[in-house]
Amino acid sequence: MRRLFPPYAGPQSDDRVTPDREWELGELADAYAYPADAGFWLRANMVSSLDGAAHHDGRSQPLSGAGDMRIFGVLRGLADVVLVGAETVRQEGYRPARTRDAFAARRRELGQTPAPAIAVLSAGLNLDFTLPLFTEPLTPTIVLTGEDAPADRVAAARAAGADVVVAGPDGGAEAAGVVAALRERGLTRVLTEGGPTVLASLTAGGVLDELCLTLAPRVTLGDAPRVMTGAAAYAVPREFTLVSLLEEAGFLFSRYRRI
């Protein structure tokens, strides 16, 4: 893995990138650490093909690679909570986040739980509450929904051990309600893994602070959505600024922050 940006001042005056080597998890954790002075920070982690697909055949795994999976694990290891949409839970077969020795000391120092909670956004609660995500998490799974969520599904979620939170009006959770619900629980280092509709909604709601985007050296064709889809277009495109850019095996790992 090489750092392409910010420029690297190496042993030779004309060095602009770091040597190509495998980064240790601690190095990646330092590189992706949440801002120390941020009271609340919501970052997204997504992968895209060269032709703009956010997944292939409904799943992101075919677009991923070894470096992408290492960064995926690091971002989870740093987060208080992983925020994800119900469709992504169903398509990707989500399980509870696990503890990892590499992040244990760091998490203890920051007062975090041994593993991040998973928070699922769902309007209709069409989820299988017998799955380990709800019945066996180290940290109880949070379900964020709307005021008109079916009462029987709310009861099923709570019976499974989920923390059900009404975070929006009719139709489901909204960005401001999601932020408020997570803040109330002391979950301020937030990682969202989408999917594209959820990420578009959070971005349109003005709560996305940072986008970690992997560009995979693969082409899918087809009609898969891009990493944000379903929200109305801005009248004028919003600006983000590049924070860092890494490369490994043709994959580009970019990090952009909202201006």
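The second largest pocket of this predicted model has a volume of about 620 Å³. Here a pocket is an open set of points on a 1 Å grid over the protein atoms alone, with protein on both sides within 12 Å along at least five of seven lines, and lining residues have an atom within 4 Å of a point. The volume is the space filled by probe spheres set on the points, which are joined across faces, edges and corners. Of the 24 residues that line this second largest pocket, Thr 203, Arg 226, Met 228, Tyr 234 and Arg 238 are the closest to its centre. By residue class, the lining comprises 14 nonpolar, 6 polar and 4 charged residues. In this division Ala, Val, Leu, Ile, Met, Phe, Trp, Tyr, Cys and Pro count as nonpolar, Asp, Glu, Lys and Arg as charged, and the others, Gly among them, as polar. Helix α8 (residues 196–204) gives the most to the lining, with 3 residues. Helices (H or I, at least four residues) and strands (E, at least two) are DSSP runs, numbered from the N terminus.

Residues are numbered from 1 along each chain as its sequence is written. Because the model is predicted, local features need pLDDT of at least 70 and side-chain atom pairs count only at pLDDT 80 or more, while totals for chains, interfaces and linings use all residues, and side-chain values use heavy atoms, with hydrogens and water left out.

Helix α8 also holds Pro 196. Pro 196 counts as buried because its relative accessibility is 13%; buried means under 20% relative accessible area, exposed over 50%, and partly exposed in between (1.4 Å probe, protein chains only). Pro 196 and Pro 137 are 59 residues apart in sequence and 25 Å apart in space, C-alpha to C-alpha. The loop between β7 and α8 contains Gly 195, which is joined to Gly 194 by a cis peptide bond with omega at about 5°.

The structure holds 13 salt bridges, a salt bridge being a side-chain nitrogen of Lys or Arg within 4 Å of a carboxyl oxygen of Asp or Glu. In one of them, the side chains of Arg 43 and Glu 210 meet at 2.7 Å, N to O. This pair links distant parts of the chain, with Arg 43 in strand β2 (residues 41–48) and Glu 210 in strand β8, 167 residues apart. Arg 43 is buried because its relative accessible area is 0%, and Glu 210 counts as buried because its relative accessibility is 0%.

A further salt bridge is formed by Glu 193 and Arg 76, whose closest N and O atoms are 2.9 Å apart. Distant parts of the chain are again linked: Glu 193 lies in the loop between β7 (189–192) and α8, and Arg 76 in helix α2 (residues 66–78), 117 residues apart. Both Glu 193 and Arg 76 are buried.

Asp 163 and Arg 185 also meet in a salt bridge (2.8 Å, N to O). Asp 163 belongs to strand β6 (residues 163–166) and Arg 185 to the loop between α7 (175–184) and β7, 22 residues apart. Asp 163 is partly exposed, because its relative accessible area is 26%, and Arg 185 counts as partly exposed because its relative accessibility is 33%. Salt bridges that share partners join Arg 43, Glu 210, Arg 255 and Arg 257 into one network.

On the surface, Leu 50, Leu 215, Val 219 and Leu 221 form a nonpolar patch with about 390 Å² of accessible area together. Patches are made of residues with over 30% relative accessible area and no salt bridge, with like charges joined within 9 Å and nonpolar side chains (Val, Leu, Ile, Met, Phe, Trp, Tyr) within 5 Å. Accessible areas come from the Shrake-Rupley method with a 1.4 Å probe, and for residues only the protein chains shown count as cover. Leu 215 lies in strand β8 (residues 210–215) and counts as partly exposed because its relative accessibility is 31%.

Several features concern the backbone. Most residues other than glycine have a negative phi, and most peptide bonds are trans. A cis peptide bond, with omega at about 0°, joins Phe 5 and Pro 6; Pro 6 is placed in the loop between β1 (2–5) and α1 (25–31). Asp 57 has a positive phi near 55° and is found in the loop between β2 and α2. Asp 57 is exposed because its relative accessible area is 72%. Leu 125 also has a positive phi, near 55°, and lies in the loop between β4 (117–121) and α5 (132–135). Leu 125 counts as buried because its relative accessibility is 0%.

Technical notes
On a 1 Å grid over the protein atoms alone, a cavity is a set of points where a 1.4 Å probe fits but cannot get out, and a pocket is an open set with protein on both sides within 12 Å along at least five of seven lines; lining residues have an atom within 4 Å of a point.
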